[in-house]
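Hi everyone, thanks for coming along.

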Amino acid sequence: MEVCSDVEEQGFSAASSARERAGFGHTGRSFYPGTSAAIALFALALASPLWALAQRSAGSSVTADLPAGPMQAKATTACLECHEARIILQQRLSKSAWTKEVDKMTKWGAVVDPTDRDALIDYLSTNFSPEKPAYEPQRTSGSGKTSK
Amino acid sequence: MAGAAPSILTWALPQGQSVEFPGEDGMILRSFRFVDLEAPVEYFNTWLTPVPHFFVRNHMHEPSELDPHDWRLSLGGEVEKPITLSLAELSKIETHSVVNTLECAGNGRSLHRPQVPGIQWGKGAVGTARFSGPRLRDILQRAGVKSTGKHVMFRGLDEVPGKVPPFIRSIPIEKAFDADTLIATHMNGSPLPKHHGFPARALVPGWIGAASCKWLTEIKVLEAEFVGNFMSPGYRLPNQPVQPGDAVKPEDTHALTALNVKSVIAGPTDGSSLSAGEVPVHGAAWAGEADITKVEVSTDAGATWNPAKLGHDQAHYAWRLWSYDWRVGKSGDYTILSRATDSQGRTQPSTPLWNPSGYLCNAVDQVKIHVS
């Protein structure tokens with residue numbers, strides 16, 4: 001998992017007032033989940049009613065997940081180190097298009113064992129084919145506005 | 001492991017629940033990491049787009065740390081005297097303002113058939129703002145561009161994941177010297193927010209959004225167009241129309257520059273049910289470096305067209321709001337279309353011009369409604 005690991009857990013230096021106004025004090029990299037956040041959320045899931053977890057997660061880091069399947073774990077490792085699942089969930093592509101994407105992303109650093117390449121392409125082109133219904137994106141809520 | 005947290009969160013989140021995103025209100029979440037936010041078309045009812053409703057397009061991570069006191073903008077390459085400017089020094093240079101409609105080249109990508117890879121933008125990766133800052137040409141003149149300087153390269157502080165090529169692009173020297181090409185530090189009168197390139201971005205008016213590099217830190221004058229992924233194969237169109245599956249040679253493509261002529265219907269919204277009577281049809285139309293000359297509306301799926309009224313507010317690179325007062329007395333299903341024409345004589349085509357990356361989709365816009 002060496003790819004992108006250097007940009008997952010960075011914090012912030014002391015924020016200047018100008019940077020705060022620009023939003024760096026609120027929506028930077030620490031906005032995204034890391035391992036510690038995952039552990040905290042898991043503990044919360046065990047201790048709290050579902051609605052409370054939903055409230056909490058909606059107000060912090062919310063990422064999506066890839067669909068179940070024999071390649072889910074390997075696709076997660078290969079793809080989600082650098083970007084989140086929504087970028088995949090919204091695609092509706094043919095197998096030849098997925099093949100080009102997987103090969104491009106491998107060139108760009110995605111860790112895909114050569115023996116897994118074909119299975120990964122199958123997984124993506126099965127779950128995200130042109131025949132699948134369109135992806136329904138979520139909306140943002142802008143509470144705690146930081147900009148005009 | 002990246003997969004540990006998402007499984008819990010996905011299980012906990014009811015379908016359709018909004019995602020808190022400070023300062024970004026009611027936007028369509030195309031991606032959280034990297035941040036890609038689209039405006040719902042019903043937001044296109046003001047000439048200037050409020051920042052919380054302005055689309056966000058990132059190719060990679062935003063800078064995680066950026067202290068304006070430490071930030072510097074360097075200018076080098078084919079110049080007599082390379083210079084480096086602090087934000088304080090940049091702010092002392094005469095400021096110019098441009099109201100510009102900024103649109104992602106991939107806006108409308110999801111409308112192409114067959115679908116093509118990339119962020120599946122609907123119609124809302126576009127917005128209009130007043131951008132302010134020094135003219136790029138004032139800074140170039142300060143450094144003294146050599147006669148060998150033909151292109152100007154921008155590099156931002158985007159943080160590159162993996163081995164992804166850095167986001168670097170260039171524009172021709174003529175556009176760089178245009179009086180309206182800026183190093184923008186402000187947007188709608190306030191310092192640029194983080195998502196829009198704080199503390200400074202290029203503003204290349206009338207051109208695809210990717211030309212207006214965010215978190216700008218380096219400008220370099222080059223002898224030729226920059227060679228890199230985001231100039232080629234990225235952000236290029238085939239010179240001739242192609243069919244899905246056609247092989248396109250790099251030499252048969254050209255770099256994207258100015259935006260197309262285009263209109264979008266902001267209301268009524270697609271799928272809405274309305275009562276018979278007065279139904280205002282309204283939206284926005286833009287044309288890159290050209291001016292909108294007319295917008296026409298059809299309420300009968302294109303059988304007949306009616307002139308729309310153009311809004312009072314206008315600027316060379318900005319969209320025009322438009323409206324058409326439609327009186328409908330009969331219940332039923334209706335297909336409403338909008339079609340813009342510009343000062344270069346361009347008119348929106350009836351269907352998207354398919355291309356391998358889904359760029360510059362500008363087909364006649366369409367909504368279907370029910371009147372009861």
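Let me begin with a question: which domains does the domain assignment of chain B give? The assignment gives domain 1, covering 53-255, and domain 2, covering 262-371. Before going further, please keep in mind that this is a predicted model.

Now, how do those two domains sit relative to each other? Taken over C-alpha atoms, the centres of domain 1 of chain B and domain 2 of chain B are separated by 29 Å. Where they touch, domain 1 of chain B puts in 24 residues, and domain 2 of chain B puts in 19 residues.

Let's look at the domain 1 side of that contact in chain B. Two elements give two or more residues to it: strand S7 (95-103) and strand S16 (236-238) of chain B. Of these, S7(B) supplies the largest share, with 4 residues. And what is that side made of, by class? On domain 1 of chain B, the side touching domain 2 has 12 nonpolar residues, along with 9 polar and 3 charged ones.

Let's turn to chain A. Here you can find 7 helices and 1 strand.

How much of chain A is buried? Out of its 148 residues, 37% count as buried. Finally, take the contacts in chain A between residues at least 6 apart in sequence: 61% of them join residues at least 24 apart.

Definitions and conventions. Residues numbered from 1 in each chain as written. Chains lettered and ligands numbered in written order. Predicted model: local features only at pLDDT ≥ 70, side-chain atom pairs only at ≥ 80, totals over all residues. Buried ≥ 20, exposed ≤ 12 C-beta atoms within 10 Å, placed from the backbone. Contact = placed C-beta atoms within 7 Å. Domains from an automatic or database assignment. Nonpolar A, V, L, I, M, F, W, Y, C, P; charged D, E, K, R; others polar.
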